[in-house]
Amino acid sequence: MTKALDYLFDLHSQANAGQPAGMTSVCSAHPMVIEAALIEAKETCSFACIEATCNQVNQDGGYTGMTPADFHDFVMSIARKLGFPVDRIVLGGDHLGPNPWRKMPTLDAMAKAIVMTRQYAAAGFGKIHLDASMSCADDPVPLPVPIVAERAAALAKAAEEGAKAGGYPGPAYIVGTEVPVPGGASEKLETVEVSRPQDAADTIEKHRIAFAERGLDDAFKRVVGLVVQPGVEFGHTNVIAFVPEAAEQLSAWRQEFGSVVFEAHSTDYQTADALADLVDGGFCILKVGPGLTFALREAFYGLDQIAGVLVPDYEAGSLPRTMERVMLAMPNDWNAYYHGAETSQFMQRHFSYSDRIRYYWTHKAANMAVEDLLACLEGMDLPDPLVSQFLPRHYADVVAGKVQPDARSLAIAAIRCALAPYSAACVR
């Protein structure tokens, strides 16, 4: 058992005692995001939770090209480079279930999901979110909760087998899902309905029964979290803020139930006060992903403008133009989500809070454009006035000597700026 996993198992006890303790769950496969998350955890003396989704990482490679074992090695190599203790890291598998194969018949999709979940646990992922809520090709829509729970139990059995085969302790489980879909809504939202306490209770009970029917009573004792909707979400251009009063009944149910905490998804772009209120309300696991790559994109685009001023052979706007070409040439990761007139779609491709541009940074042309940008600024101390003009969030820290005025340090600082409110909420 790692220190990070011990901390995760103890979160409900701290919440029950009224102690404000939480865990930031970073869901990203971008190496600079992972590096920034580990630096943030190291400097705040906290634990690092790094997660991969079923679409990012699976036995077929996902959209990152990585299997669970590859992702494990990828994160640990960054940790070793930074001197970050690996026992302070918990790896998480997010939304593990048939989602990548949901267009297939149920038996085939679940067979793939079972293999994936077993591989995650065998690779040392200690936090497993079981999510079989999505309908497959031959399923009704939506799926009844008992069926979701039965499939989650089948996945838990695979995770138990995988952990044992890999020589790891039984993982911590998260159950449940949330609406809208992970990664942000595809339209402007005015309100989001908070989960009802009776639905939370029903989800837990149906999973308890399904686990028991498979002889997984011990595994069910390791269900540490429940995904619910606390009333937070973001669209392309707006954010629904957390309102503690709207979630009071849900928080009261959790306190009375006592053995789990809530996992809140889509907390990206919430204020520091809202994140602290979430933790205080028992939403102790705070998921963040697009908000971090959004901050990194802001930094890259700011650095692109600075390079246009400082480097004679670099034309400002080169990086955004490359990203536009790449996204137009391969629209599958954005065209079902971004709508409206062409000017609106252009804005969404580059600046939407849903940040679907994050799927393109690993493309060869995009990666080369970023490398060229960083290379042309390498070795330069960027002038304070240009930092003020194009990266104003970091100007004060640069002037105070807290952030080095080089391109890479500023990019890492941008991600840490987005992470800082989470650290403040979780470590008090």
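**Entry 1: α4 against α5**

I looked up the handedness of the crossing of α4 and α5, and it is right-handed. The model is predicted, so I read every value here as computed from it. I then took the geometry of the pair. Helix α4 covers residues 106-122 and helix α5 covers residues 145-166. They pack at an angle of about 35°, and their axes are 7 Å apart.

Next I listed who makes the contact. From α4 I noted Thr106, Met110, Ala113, Ile114, Thr117, Arg118, Ala121 and Ala122. From α5 I noted Arg151, Ala154, Leu155, Ala158, Ala159, Glu161, Gly162, Ala163 and Gly166. I sorted the contact residues by type: 10 are nonpolar, four polar and three charged.

**Entry 2: Asn58**

I found Asn58 in the loop between β2 (48-53) and α3 (68-82). Is Asn58 buried or exposed? Its relative accessibility is 3%, so Asn58 counts as buried.

I checked what its side chain reaches. A polar atom of the Asn58 side chain lies 2.8 Å from the backbone oxygen of Cys54. The side chain of Asn58 also reaches the backbone nitrogen of Gly62, at 3.1 Å. Setting aside neighbours within four places in sequence, I recorded contacts of Asn58 with Met66, Thr67, Pro68, Pro100, Trp101 and Met116.

**Entry 3: Glu324**

I placed Glu324 in helix α11, residues 318-329. Glu324 counts as buried because its relative accessibility is 12%, under the 20% cut-off. Not counting residues up to four places away in sequence, Glu324 touches Phe346, Arg349 and His350.

I also took one separation. Glu324 and Lys157 are 167 residues apart along the chain, and 44 Å separates their C-alpha atoms.

Key: Residues numbered from 1 in each chain as written. Predicted model: local features only at pLDDT ≥ 70, side-chain atom pairs only at ≥ 80, totals over all residues. Heavy atoms only, no water. Axes fitted to C-alpha atoms, helices over the stretch in contact; angles between N-to-C directions. Helix = DSSP H or I, 4+ residues; strand = E, 2+ residues; numbered from the N terminus. Left-handed = near helix turned anticlockwise from the far one by under 90°. Contact = heavy atoms within 4.5 Å. Nonpolar A, V, L, I, M, F, W, Y, C, P; charged D, E, K, R; others polar. Buried < 20%, exposed > 50% of the residue type's maximum accessible area, 1.4 Å probe, protein only. Polar contact = N/O pair within 3.5 Å; in protein donor to acceptor, adjacent residues only side chain to side chain.
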